[in-house]
Structures are given as C-alpha cells and as structure tokens.
Amino acid sequence: MSKIFTPTNQIRLTNVAVVRMKKAGKRFEIACYRNKVVSWRNLVEKDIDEVLQTHTVFTNVSKGQVAKKEDLIKAFNSNNQTEICKEILAKGELQVSDKERQSQIDQLFKDIATTVANKCLNPELKRPYPVTIIEKAMKDAHYSVKPNQSTKVQAMAVIKLLKESNSIPIERAKMRLKINFKGRDAKKLREKLAKMESVEIENEEKDEDQITIVFLVDPGQFKEIDNLGKAESKGGVFLEVLSYKEMIQGDEYF
C-alpha cells in the first residue's frame with residue numbers, strides 16, 4: 001500500500017485563530033491559539049510560544065501554504081519567522097467568526113468595567129461600585145469597545161467619559177502617601193504640594209527643618225509628586241506609599 005506524503009511547503013493545522021496582513025502586494029497569515037491574540041495585544045500574555053501554534057508565516061493557513069523566503073524578505077526586509085510573526089500579530093487583522101467576535105467584545109467590555117470598578121469609587125459614599133453598575137453606566141454613555149486597544153487604556157477613557165456624561169458620580173480612588181521634607185527648602189516644597197490639584201492633607205508634623213505630611217492624592221499625580229521631590233530637594237525628600245487605594249468597603253476602611 002503506497003504512502004501519502006504532505007508536500008514540504010504545506011503544514012496542516014486545526015482549531016486555529018488566523019491573523020492576516022497584506023504587505024508588498026502579498027497576503028501573509030499566522031496561526032495562533034484561540035483567545036491568545038487579544039491577551040498578547042493587551043500585554044497579559046508575554047510568552048510568544050503560548051500565542052503561536054507554529055513560528056511559521058503562511059500565505060494561506062487553512063491550506064497549509066507556507067510563505068516563500070523571497071516574499072518575506074521583500075515585504076519585511078527579513079526572513080526571521082518569529083519576528084515577522086510578532087509584527088503580523090501586532091498589526092494584522094484577526095480573522096474570527098461573527099459569534100467569536102461578539103464573544104470577545106462582550107468579554108473585553110466586562111474586563112474594562114471590572115478595571116474601572118477596581119480603580120474608582122462613588123465620591124459621595126467613598127465606596128466602590130459593583131461591576132454591574134459600571135457596565136450599565138458604560139451602556140448608558142454609549143461606550144463602544146475598541147478590540148485592538150488594551151483594557152487599561154480603555155478603562156482610563158471610560159472613567160473620563162463617565163465623568164463628562166454625569167451618568168454616575170465617579171472618581172479615581174486616591175492613594176495615601178507620606179512625604180518627609182528635610183532641609184531649608186522644606187517649607188517651599190510643602191507649599192507647592194498643598195497647591196497641587198486633588199491633594200488632601202490628612203496629617204502634618206513639623207520638627208525644626210523637617211516636615212512630615214500624610215495626604216491623599218489622585219494616582220495620576222504620583223509621578224508628578226515624585227519628580228517634584230527629586231528635582232527640588234537634592235535627596236532631602238522621602239516619599240512612601242501607605243496604601244494604593246483608599247475606599248470604604250462594608251464596615252472596614254481600606
């Protein structure tokens with residue numbers, strides 16, 4: 001009985017998600033594991049081997065047709081299969097069915113809402129919102145999920161949108177920081193800190209040329225405060241994070 005051989009330029013794969021890109025007049029495709037492409041683009045998955053079924057560039061995944069070396073060099077100036085796969089993974093179009101696409105969008109919508117709920121609170125009650133409330137507010141504000149944007153980037157956009165739309169009262173949960181100013185510039189640095197937007201001073205202690213302040217601040221201003229201390233204190237400032245998120249949950253204060 002004669003044996004049947006698969007041509008060497010063909011690779012048969014099953015149960016794959018295909019990412020496609022057109023470049024230099026040619027179509028290139030890569031075979032990925034389902035549900036891993038979005039994780040890679042959102043920087044959740046960092047192991048390329050968990051994303052690619054094979055480090056091979058195709059002209060047609062379903063037919064197992066492998067791209068020619070000369071076509072890869074012409075289009076990508078390289079024949080490094082892994083690096084080309086990464087470029088296609090980043091910039092290509094994910095080929096999915098309508099049902100799969102809607103499922104991915106629904107999951108991303110929920111992930112965005114969860115991220116917003118973890119970062120924000122009701123400023124009137126100082127309590128976090130349930131994810132379901134955030135989801136409803138996003139729908140009321142007509143937020144459209146962007147499949148190729150990361151969850152974190154979209155969560156920041158949603159927070160801004162919800163604030164502007166006034167659909168629900170919302171603000172970022174503040175960080176609690178402790179800063180110690182030392183030296184003759186301590187008073188000047190203290191004044192600059194107090195003038196910063198969103199800073200709420202909770203406690204302040206003075207001891208000769210040293211000032212210690214415990215305060216709440218929007219997480220978005222942490223870098224600005226850190227840079228302020230480094231730029232003007234010449235090493236005379238110590239900044240400590242006491243908690244990353246201040247909110248009331250149940251009867252406990254976090």
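## Around glutamate 50

Leaving aside neighbours within four places in sequence, glutamate 50 is in contact with Tyr33, Lys36 and Glu45, where contact means heavy atoms within 4.5 Å. This is a predicted model, so local features need pLDDT of at least 70 and side-chain atom pairs count only at pLDDT 80 or more, while totals for chains, interfaces and linings use all residues. Residues are numbered from 1 along each chain as its sequence is written, and side-chain values use heavy atoms, with hydrogens and water left out.

You will find glutamate 50 in the loop between helix H1 (36-41) and strand E3 (58-60). Helices (H or I, at least four residues) and strands (E, at least two) are DSSP runs, numbered from the N terminus. Glutamate 50 and lysine 36 are 14 residues apart in sequence, and their C-alpha atoms are 7.3 Å apart in space. Glutamate 50 counts as partly exposed because its relative accessibility is 39%; buried means under 20% relative accessible area, exposed over 50%, and partly exposed in between (1.4 Å probe, protein chains only).

Let us turn to the strands. Strand E1 (residues 17-23) pairs with strand E2 (residues 26-32) in the antiparallel sense, over seven bridges; two strands pair if DSSP finds at least two bridges between them.

As for E2, the strand is mostly covered, with five of its seven residues buried.

How far apart are the end C-alpha atoms of H4? They are 32 Å apart, which agrees with the 32 Å that 22 residues should span at 1.5 Å a residue; the expected span is 1.5 Å times one less than the number of residues. The buried residues of H4 are Leu108, Phe109, Ile112, Ala113, Thr115, Val116 and Ala117. These buried residues pack against strand E6 (120-121), helix H5 (131-140) and H6. An α-helix has 3.6 residues a turn, so residues three or four places apart point the same way.

Helix H4 (residues 98-119) packs on helix H6 (residues 151-165) at an angle of about 65°, with the axes 9 Å apart. Axes are lines fitted to C-alpha atoms, for helices over the stretch in contact, and angles run from 0 to 180 degrees between N-to-C directions. From H4 the contact takes Leu108, Asp111, Ile112, Thr115, Val116 and Lys119, and from H6 it takes Thr151, Gln154, Ala155, Met156, Val158 and Ile159. Seven of the residues in this contact are nonpolar, three polar and two charged; Ala, Val, Leu, Ile, Met, Phe, Trp, Tyr, Cys and Pro count as nonpolar, Asp, Glu, Lys and Arg as charged, and the others, Gly among them, as polar.

## Arginine 172

Is arginine 172 buried or exposed? Arginine 172 is buried, because its relative accessible area is 15%. This residue belongs to strand E7 (residues 171-172). Not counting residues up to four places away in sequence, arginine 172 touches Lys119, Cys120, Met156, Ile159, Asp218 and Pro219. Arginine 172 and cysteine 120 are 52 residues apart in sequence, yet 4.3 Å apart in space, C-alpha to C-alpha.

## The four-stranded sheet

An open sheet of four strands has the order E9-E10-E8-E11, with antiparallel pairing. At its edges are strand E9 (200-207) and strand E11 (237-243), each pairing on one side only. On average, neighbouring strands of the sheet are turned by 15° against each other, direction ignored. Strand E8 (residues 175-182) pairs with E11 in the antiparallel sense over six bridges, and lysine 178 has glutamate 240 of E11 as its bridge partner.

## Two asparagines with positive phi

Asparagine 77 has a positive phi of about 55° although it is not a glycine. Asparagine 77 sits in the loop between helix H2 (69-76) and helix H3 (81-91), and counts as exposed at 72% relative accessibility.

Asparagine 166 also has a positive phi of about 55° without being a glycine. Asparagine 166 lies in the loop between H6 and E7 and is exposed, with a relative accessible area of 64%.
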